[in-house]
Amino acid sequence: MRVTLLGTGDTTGTPTVGCDCDTCEAARDRGVERTRFSVHVENERTDESLLIDFSPDFRYQFLREDVALPDAAVVTHIHFDHLDGLGNVFRVIDELDVYAADETDPKTGKSVAETVESDYHYLDPVTVHSTTPLEPVRICGLDVTFVPVTHPPLLCYGLAIEDPETGAKLSLSGDTSYDVPEASREALADPDLLLADAIVPAHLCEFHPIGGRHENDEGVPRTFGTKHMTREGALELAAELDADRTRLVHLAHYYPAGEAFEEPLAIDGEQYDL
């Protein structure tokens with residue numbers, strides 16, 4: 001299982017358009033970037049590729065990394081930075097199976113699958129498959145499990161992706177607070193690689209309108225506001241899941257420049273063979 005991090009940034013990415021903060025300037029100086037979130041997973045046994053989320057930067061990411069176009073894809077939730085790139089498949093991909101959760105979201109009255117299908121009804125190549133969370137489904141020769149997480153006000157899912165022949169496992173927290181349900185933690189546990197949402201370091205919670213949440217025993221907030229984990233929260237989750245290796249993703253340009261490119265914060269283009 002070859003994993004390529006196509007996009008490791010949050011909604012605005014790094015560098016952020018029109019921003020001259022120290023972190024964005026440092027990214028430009030280093031020639032690195034964090035585009036909007038997306039992950040490419042290649043199953044070398046079957047010569048198939050799975051795309052996780054459709055970044056608005058889809059076209060640029062695939063040209064930059066020169067990876068194969070996907071044979072199938074999954075959508076974790078309906079925020080634009082994870083979904084709006086789906087329109088890029090027009091005239092590029094002949095047919096594409098897209099998997100998304102089937103639970104009805106009280107906020108929208110639709111499941112993620114229904115929203116994807118209705119919003120992109122005009123894309124003839126796309127076939128949407130409603131998928132039950134916590135029940136593995138075979139996609140591109142890999143066992144993929146949608147894992148409920150906490151990203152209010154919308155339903156959102158992490159993913160556990162396992163090769164049934166080699167046992168290699170990739171887990172993604174998805175966009176989430178530290179308040180990940182126990183059943184989901186069990187599904188995500190023991191990965192070879194964990195990609196964990198870590199939007200900012202905990203010390204920046206003082207600048208959020210409602211501060212931080214889910215403090216640990218030392219009073220360090222593990223959730224920034226209500227929607228995302230802090231760096232410290234993501235690392236604690238990684239330890240609890242016994243992840244063999246962890247990369248922090250969905251990173252904002254609010255990380256101070258002196259911290260923004262330190263381990264284990266990911267940047268676009270990283271590749272891992274599991």
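So, the lining of the largest pocket: by class it has six nonpolar, 10 polar and four charged residues. On classes, Ala, Val, Leu, Ile, Met, Phe, Trp, Tyr, Cys and Pro count as nonpolar, Asp, Glu, Lys and Arg as charged, and the others, Gly among them, as polar. The pocket has a volume of about 300 Å³. Of its 20 lining residues, Asp10, Thr11, Ile199, Lys227 and His228 are the closest to the centre.

Before I go on, this is a predicted model, where local features need pLDDT of at least 70 and side-chain atom pairs count only at pLDDT 80 or more, while totals for chains, interfaces and linings use all residues. Residues are numbered from 1 along each chain as its sequence is written, and side-chain values use heavy atoms, with hydrogens and water left out.

Everything runs on a 1 Å grid over the protein atoms alone: a pocket is an open set of points with protein on both sides within 12 Å along at least five of seven lines, a cavity is a set where a 1.4 Å probe fits but cannot get out, and lining residues have an atom within 4 Å of a point. Points are joined across faces, edges and corners, and a volume is the space filled by probe spheres set on them.

Strands E9 (154-162) and E11 (193-197) each supply at least two of the lining residues, and E9 has the largest share, with three. Element names, by the way, are DSSP runs numbered from the N terminus: helices are H or I with at least four residues, strands are E with at least two.

On to the cores. A nonpolar core here is a set of buried Ala, Val, Leu, Ile, Met, Phe, Trp, Tyr and Cys residues joined through side-chain atoms within 4.5 Å. Buried means under 20% relative accessible area, exposed is over 50%, and partly exposed sits in between, with a 1.4 Å probe and protein chains only. The largest core has 50 residues, and Ile52, Phe54, Leu86, Ile161 and Leu170 touch the most other members. Strand E5 (residues 96-101) gives the most to this core, five residues. There's also a second, separate core of 27 residues, which includes Cys156, Ala198, Leu241 and Leu265.

Take Leu170. Setting aside neighbours within four places in sequence, its contacts (heavy atoms within 4.5 Å) include Met1, Val3, Ile52, Ile161 and Leu274.

Back to E5. Why is E5 called largely enclosed by the rest of the structure? Because five of its six residues are buried. E5 pairs, meaning DSSP finds at least two bridges between the strands, with E4 (residues 72-74) in the parallel sense over three bridges. Ala72 stands opposite Asp97 there. E5 also pairs with E6 (residues 126-131), again parallel, over six bridges, and Ala101 stands opposite Thr131.

E1 (residues 2-7) has five of six residues buried too, so E1 is largely enclosed by the rest of the structure. Its pairing is antiparallel: three bridges to E16 (residues 271-273) and five to E2 (residues 38-43). Thr4 has Gln271 as its bridge partner in E16, and Arg2 has Glu42 in E2.

Then there's an open sheet of three strands, E12-E13-E14, with antiparallel pairing. E12 (212-215) and E14 (228-229) are the edge strands, each pairing on one side only. Three bridges join E12 to E13 (residues 221-224), and Arg213 has Thr223 as its partner.

Last, some backbone geometry. The peptide bond from Thr14 to Pro15 is cis, omega near 0°, and Pro15 lies in the loop between E1 and helix H1 (22-30). Another cis bond joins Pro152 and Pro153, with omega about 10°; Pro153 is in the loop between E8 (142-151) and E9.

His250 is in the loop between E15 and E16. Is His250 buried or exposed? Buried, because its relative accessibility is 2%.
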